[in-house]
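Let's take a friendly walk through a protein model.

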Amino acid sequence: MTAATETRKDNLLLAISAILLTVLMLSLGDALIKKVSADLVVWQIFVLRSLLAIPVVLIVLKVWFRQISLRPRALGWTALRSLMLAVMWVVYYISLPHLELSVAAASFYTLPIFITLFSALFVDEKVGKLGWLAVLLGFGGVALVLKPTAGDFNLYALLPLLSAMLYALAMILTRTKCRDEHPLVLSGVLNLTFIAVGLAGALLSGLLIDVSASSSFLSASWTPMGGSELIAIVLLAVAILTASIGTAIAYQAGPSSVVATFDFAYVGFAVIWGFVFFAEAPDAVSLSGIALIVLAGVIAVRK
């Protein structure tokens, strides 16, 4: 960590405002992904939305931030962070056609628990009794949400948990290794990574995956787009641009523990969008599990 990073002051109001706007746009974008998953391919979404987002980043950098270099200061860490986030979103998006949005969101928002654990492993922070209590409560909540009985368990429900692990690691990197990077530069690199991952995913899908009707979301063949699909791509570009910049600002400007607490607003937004777009209404058991996960996250980040 550089000396500049160590002495840089936090801005809690900026961090909280940025993360709330971020999770609003992320949850809306994820709802749109779920809605168009029957009509578009995940690799198509990755490439097209970032092709729209990157020119915006470049124009803003060139017009208002000419002094900022397009090359990241810590290229290796920035690339690793971007790859983690890109894979995280691939894994999460694959789960969405098979899960209710609120269930996917609740599973994903075990991430403060993983932030706690990974901070202990990689940043030498002590977990303590409350930290371990948060872990137990969080995974108890996940069990209530996922209802892992022999007849009902959905393996796709494990994918948001993997996404949460990747997101937690990426946010630790944002705070510790990429704090001096300009948020627009981080956004630009992330969107370039989306394009690379989208093209690589399409190639590998064509070579390795026998795509059936149930897995067309992973198809290598892009689907034709009409007006509604084009509008969806534009909205997804706005969502990922806002989210990629907002996430960087939030975790650079405020402590990960504080930001992660407000990050939980995603779960509430996801429940709202799930009801608005898909008429999904979580049952009492699932709502209890969501509440346990939120409680566990708050304990984890407030310990």
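**How the helices meet**

H5 and H8 are oblique to each other, a word for angles that are not under 35 degrees (roughly parallel), over 145 (roughly antiparallel) or 65 to 115 (roughly perpendicular). Helix H5 covers residues 101-108 and helix H8 residues 159-176; they pack at about 40°, with their axes 7 Å apart. Helices here are DSSP runs (H or I) of at least four residues, numbered from the N terminus. Axes are lines fitted to C-alpha atoms over the stretch in contact, and angles run from 0 to 180 degrees between N-to-C directions.

This is a predicted model, where local features need pLDDT of at least 70, side-chain atom pairs count only at pLDDT 80 or more, and totals for chains, interfaces and linings use all residues. Residues are numbered from 1 along each chain as its sequence is written, and side-chain values use heavy atoms, leaving out hydrogens and water.

Which residues of H5 meet H8? They are Ala-104, Ser-107 and Phe-108, and their partners in H8 include Pro-160, Leu-161 and Tyr-167. Contact means heavy atoms within 4.5 Å.

Tyr-167 also leads us to Thr-247, which is in contact with Thr-22, Tyr-167 and Met-171, leaving aside its neighbours within four places in sequence. Thr-247 lies in helix H10, residues 227-253. Is Thr-247 buried or exposed? Thr-247 is buried, because its relative accessible area is 4%, and buried means under 20% (exposed is over 50%, partly exposed in between; 1.4 Å probe, protein chains only).

Methods: Helices (H or I, at least four residues) and strands (E, at least two) are DSSP runs, numbered from the N terminus.
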